[in-house]
Amino acid sequence: MIGARSFRTALNRALRQVVAPVVGASVVAYFAYHTVQGERGLTALTQLQTQVTQAKAQLDQVRAEREAMERRARLLRPDNLDPDMLEEEARKVLDFSRPDDLVILLPGKPAPHEDKDAPAKVP
């Protein structure tokens with residue numbers, strides 16, 4: 001019996017010496033994996049930084065558009081009315097041109113008074 005008991009004691013010591021480092025290494029590996037690949041890991045951080053950069057670029061573009069619109073709106077205020085701006089807006093809205101204006105039609109864009117639903121005229 002003494003031999004079996006000493007064998008069992010030796011086996012328990014060996015298991016303790018092996019199990020503790022294996023469990024420790026497993027815990028370290030778990031946290032290392034989630035530090036890189038986890039929901040809040042380094043990969044997710046990189047993706048978020050990319051999204052922030054894209055959002056900032058879009059914000060800059062929208063701000064520039066807004067500022068341009070605000071400048072144009074300031075020129076149309078009654079207390080600071082710019083006659084050229086008023087004429088430009090009126091001509092654009094009413095679709096008018098002067099007899100001495102040169103009208104250039106760009107390819108791919110319909111003429112201002114061209115009806116899309118009307119059949120094509122044959123000369």
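This is a predicted model: local features need pLDDT of at least 70, side-chain atom pairs count only at pLDDT 80 or more; totals for chains, interfaces and linings use all residues.
Residues are numbered from 1 along each chain as its sequence is written, and side-chain values rest on heavy atoms, with hydrogens and water left out.

Side chains of opposite charge can pair when their charged atoms come close. Here a salt bridge is a side-chain nitrogen of Lys or Arg within 4 Å of a carboxyl oxygen of Asp or Glu. Searching the whole structure on this basis gives seven salt bridges, and three of them are followed here in turn.

One of these joins Arg66 to Glu70, with an N to O distance of 3.2 Å. Both residues belong to helix 2 (residues 42-75), where they sit four residues apart, about one turn of the helix; helices (H or I, at least four residues) are DSSP runs numbered from the N terminus. Accessibility is sorted into buried (under 20% relative accessible area), exposed (over 50%) and partly exposed in between, using a 1.4 Å probe and protein chains only. On that scale Arg66 is partly exposed at 43%, and Glu70 is likewise partly exposed at 38%.

A further salt bridge pairs Glu88 with Arg72 at 3.6 Å, N to O. Glu88 lies in helix 3 (residues 83-94) and Arg72 in helix 2, so this contact ties together parts that are 16 residues apart in sequence. Both ends are partly exposed: the relative accessible area is 38% for Glu88 and 31% for Arg72.

Within helix 3, Glu89 and Lys92 are three residues apart, about one turn of the helix, and their side chains form a salt bridge of 3.6 Å, N to O. Lys92 is exposed, its relative accessible area being 53%.

Turning to the rings, a pair of aromatic rings is described by the distance of the centres and the angle of the planes. Rings of Phe, Tyr and Trp (its six-membered ring) were paired if their centres lie within 6.5 Å, with planes under 30 degrees apart counted as stacked, over 60 as edge-to-face and the rest as tilted. The whole structure holds one aromatic pair. Tyr30 and Phe31 have ring centres 5.2 Å apart and planes at 80°, so the pair is edge-to-face. Phe31 is exposed, with 53% relative accessible area.

Key:
Helices (H or I, at least four residues) and strands (E, at least two) are DSSP runs, numbered from the N terminus.
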